[in-house]
Amino acid sequence: MSSLLEKLKKSGSIKNAESLDKSAFFNKKDVIPTELPILNIAFSGTLDGGLIPGLTIFAGMSKSFKTLLALYCMKAYFDKYPDAVALLYDSEFGVTPEYLSSNGIDASRVLHIPIEHVEQLKFDIVKRLEEIGRGDHVFIMVDSLGALASKKEVDDANDEKSVADMSRAKAIRSLLRIITPHLTMKDLPCIIINHVYQEIGMFPKTIIPGGAAVTYSANQIFVITKSQEKEGTELSGYKFTINIEKSRFVKEKAKLPFTVLYDKGILKWSSLIDLALESGHVVKANQGWYNTVDMETGEVLEPKRRAKDIETDNVFFEALIVNEDFKKFVEKKYKLSSPMLDLAGELAEDLSGEDFEEEEV
């Protein structure tokens, strides 16, 4: 560091000032790998990645696995840090102690905070963030922003006034402006659950309520959709697709599906068989039948198997996700290269548009 830069560093009042090449905010990012490889790809574009500190938005229609996916991330955080705790800001009251327990989460490590409106969330979360230091392991979850009214909307209802509320987007913008620096500087992951609605028109777009601040502040925004998964004519579960609406690390508009079955829960290796087909680590023998490929020799292995049988082959997939050729294939397909990172952020802001800022449901 030059003498001038050192002098300027010492003259300021902000303790965390450091030359950019040594800044802890960029060089020591905490990565929380989950047990679901396709989710790690969605977060980072790599099989070795995972959730990172900062703001993440899970948006989608009702019953699109948003809350469960957030709890999946909470469990991964607790698994990595035995001393970790969580703040659960709750406006929907769908997460019960039994619900947490069924997902392997100790409810005694989760502080449940009921909230009634956006301003209440803002005032409370700011007070608690002030008490958290860098190095404290705290996972923050808001379920959900989409269900929260503004204080004005609540007051108008109490006063029996039926007037339009234009304050909600501004309140959300203020909330996100305040918490975003805290999350980054203190290495805290925060997942906010949000709703979506369809724009009216011939070619309707999916709109995420809350204004442009949601798009600007988030590291990543995932819009989660679902379709039925059937065994013959019987409904056996659902296929959920993570649509990358915004990301600083993954190519936007990428689609990453995973399957949840009634009798088996989340299929851990969801979508990897499709990626293995593309990369050549699985080959299609004929309609509905596949062969795996020896990763060292390239030999096509017998016997032929159905996809559902390969999808539960832990030995094959555990070897696949550490195979260097396959990892490079996944990175090339999904991860943003460094020169594209700034462009991705600028495009996300440009595409959001000013008209989006005050849109509400």
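**Sheets, cores and a buried serine in a predicted model**

Nine strands form an open sheet of mixed pairing, in the order β3-β2-β4-β5-β1-β8-β9-β10-β11. Its edge strands are β3 (110–114) and β11 (265–266), each pairing on one side only. Strands and helices here are DSSP runs, numbered from the N terminus (E, at least two residues, for strands; H or I, at least four, for helices). Two strands count as paired if DSSP finds at least two bridges between them. The model is predicted: local features need pLDDT of at least 70, side-chain atom pairs count only at pLDDT 80 or more, and totals for chains, interfaces and linings use all residues. Residues are numbered from 1 along each chain as its sequence is written, and side-chain values use heavy atoms, without hydrogens or water.

Strand β2 (residues 85–90) pairs with β3 in the parallel sense over 5 bridges. Within this pair, Y89 has I113 of β3 as its bridge partner. Two helices lie across the sheet strands. Helix α3 (residues 37–44) lies across β1 (54–60), β8 (220–231), β9 (234–247) and β10 (255–261), and runs at about 155° to β10. Helix α4 lies across β1, β2, β3, β4, β5 (189–194), β8, β9, β10 and β11. Its angle to β4 is about 170°. Axes are lines fitted to C-alpha atoms, for helices over the stretch in contact, and angles run from 0 to 180 degrees between N-to-C directions.

The largest nonpolar core has 56 residues. Such a core is a set of buried Ala, Val, Leu, Ile, Met, Phe, Trp, Tyr and Cys residues joined through side-chain atoms within 4.5 Å. Buried means under 20% relative accessible area, exposed over 50%, and partly exposed in between (1.4 Å probe, protein chains only). F58, M74, F139, I242 and F258 have the most contacts inside this core. Helix α4 (residues 66–80) gives the most to it, with 9 residues. Contact means heavy atoms within 4.5 Å. Beyond four places in sequence, F139 touches L51, A70, C73, M74, Y77, V85, A86, L87, P189 and I191.

S150 sits in the loop between β4 (138–143) and α7 (151–158). At 0% relative accessibility, S150 counts as buried. Its contacts, leaving aside neighbours within four places in sequence, are H117, V118, E119, D165, S167 and R168. The S150 side chain makes a polar contact with the side chain of D165 at 2.5 Å. A polar contact is a pair of N or O atoms within 3.5 Å; within protein, one must be able to donate a hydrogen and the other to accept it, and residues adjacent in sequence count only if both atoms are side-chain atoms. The side chain of S150 also reaches the backbone nitrogen of E153 at 3.1 Å.

A further open sheet has 3 strands, ordered β12-β13-β14, with antiparallel pairing. β12 (282–286) and β14 (305–306) stand at the edges with a single partner strand each, so one side of each lacks a neighbour in the sheet. Antiparallel β12 and β13 are joined by 4 bridges, and V282 has T292 of β13 as its partner. Their hairpin has 2 residues between the strands, and G288 takes a positive phi near 85°. Strand β13 (residues 289–292) pairs with β14 over 2 bridges. Y290 stands opposite R305 in β14.
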